[in-house]
Amino acid sequence: MAELDANLVAPTRLKLLTTLTAVSEAEFCTIRDTLHVSDSVLSKHLAALENVGYLQRRKGVDRGRRTTWISLTLGGRKALSAHVAVLRALISAVE
Amino acid sequence: MWKVGSMLSNMESTPEHPTAAEASAALSDAEASRAALAHRLATPSWFFTSMGAAIAAQIATSAVGFATGALWALAAGLAAFAAVAAVQLARFRRLNGVWLGGLASRVVLGTGTAASASYAIALGAAIWAAYEAQWWLVALGSIVGGAAYALSGRRWMRAYRARPAVHGRAESAAWLAVVGVAAIAGLALLLIKA
């Protein structure tokens, strides 16, 4: 049986990647408010997932305010699909 | 400093081998989060109405342009549509803090099946009516085409909210290239015949 992705076992990371599948790109504040986490917690998870190539960040400017835009990479999308498949197999095994 | 780092690392400590109940809860939570974002996304005021009006104007100016040889009218209609599309997409992005490729391609650029089919039929009918000098039919075809475009956009938004992961992504670059080439070829053919 395939293993869970160690980078996605934290619930916030699973929520983060799953939420990003709904959009092409999202601003940092939008994701923070959707996940109900603090700036520091989100930044920590973003850095970890960016390091393994699951998402990418880019800087922008909106009316003089610096913004950070986050998007899922193809690798991140594949990793999420594989992780979710393992979770579903785990659930179906006991049903 | 080490205390803060320790607190952060412990905030999400989860077992590497969750139970079925934990796995189910994690999945449900993640899907609820995605659904919450999709349902929170709002279109700016007059979004669909302005897109429908811009398409109606573009159909009418194209029909008049082809039938009378006034290519400036055709260009003006395309420019007006491009301006409305750019402004509305920028407003959507600023309002929601997201970029939604599916909305840009299927709703605004009309690559969705309903939008592209209704547009093609309305444009064809309006051009035919313009060549026959049936100007009231040109106006009717343009209005119907614009209304269908706006309604198909609203329909797409409902489908997106129901299944955001399926509908949120834009068409592939290859498909957009095919559509773009087909549109340019069709335009060139009409210009040659005009």
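This is a predicted model: local features need pLDDT of at least 70, side-chain atom pairs count only at pLDDT 80 or more; totals for chains, interfaces and linings use all residues.
View 1. Zoom in on Ala126(B): skipping neighbours within four places in sequence, its contacts are Ile59(B), Ala60(B), Ala63(B), Val138(B), Gly141(B) and Ser142(B).

**View 2. Where chain B meets chain A.** Here 30 residues of chain B are in contact with 31 residues of chain A. On the chain B side, the elements giving two or more residues are H2 (20-40), H4 (71-96), strand S1 (98-99) and H8 (164-167). H2(B) gives the most, 13 residues. By residue type, the chain B side splits into 16 nonpolar, 7 polar and 7 charged.

**View 3. Strand pairing across the two chains.** S1 of chain A (residues 25-27) and S1(B) run antiparallel, paired over 2 bridges. Look for Glu25(A), which sits opposite Trp99(B).

**View 4. Helix H4 of chain A, residues 74-94.** With 21 residues at 1.5 Å a residue, H4(A) should span 30 Å, and the 31 Å between its end C-alpha atoms agrees with that. Gly76(A), Ala79(A), Leu80(A), His83(A), Val84(A), Leu87(A) and Leu90(A) are buried. Down the helix axis, the buried residues fall within an arc of 130°, so they line one face of H4(A). They pack against H1 (11-20), H3 (39-51), S2 (55-62) and S3 (65-72) of chain A, plus H2 of chain B. The face turned away from the buried side carries exposed residues, including Leu74(A), Lys78(A) and Ser81(A).

Key:
Residues are numbered from 1 along each chain as its sequence is written. Chains are lettered from A and ligands numbered from 1 in the order in which they are written. Two residues are in contact if their C-beta atoms, placed from the backbone, lie within 7 Å. Helices (H or I, at least four residues) and strands (E, at least two) are DSSP runs, numbered from the N terminus. Ala, Val, Leu, Ile, Met, Phe, Trp, Tyr, Cys and Pro count as nonpolar, Asp, Glu, Lys and Arg as charged, and the others, Gly among them, as polar. Two strands pair if DSSP finds at least two bridges between them. The expected span of a helix is 1.5 Å times one less than its number of residues. A residue is buried if 20 or more other C-beta atoms lie within 10 Å of its own, exposed if 12 or fewer, and partly exposed in between; C-beta atoms are placed from the backbone. The arc is that of the directions from the helix axis to the C-beta atoms.
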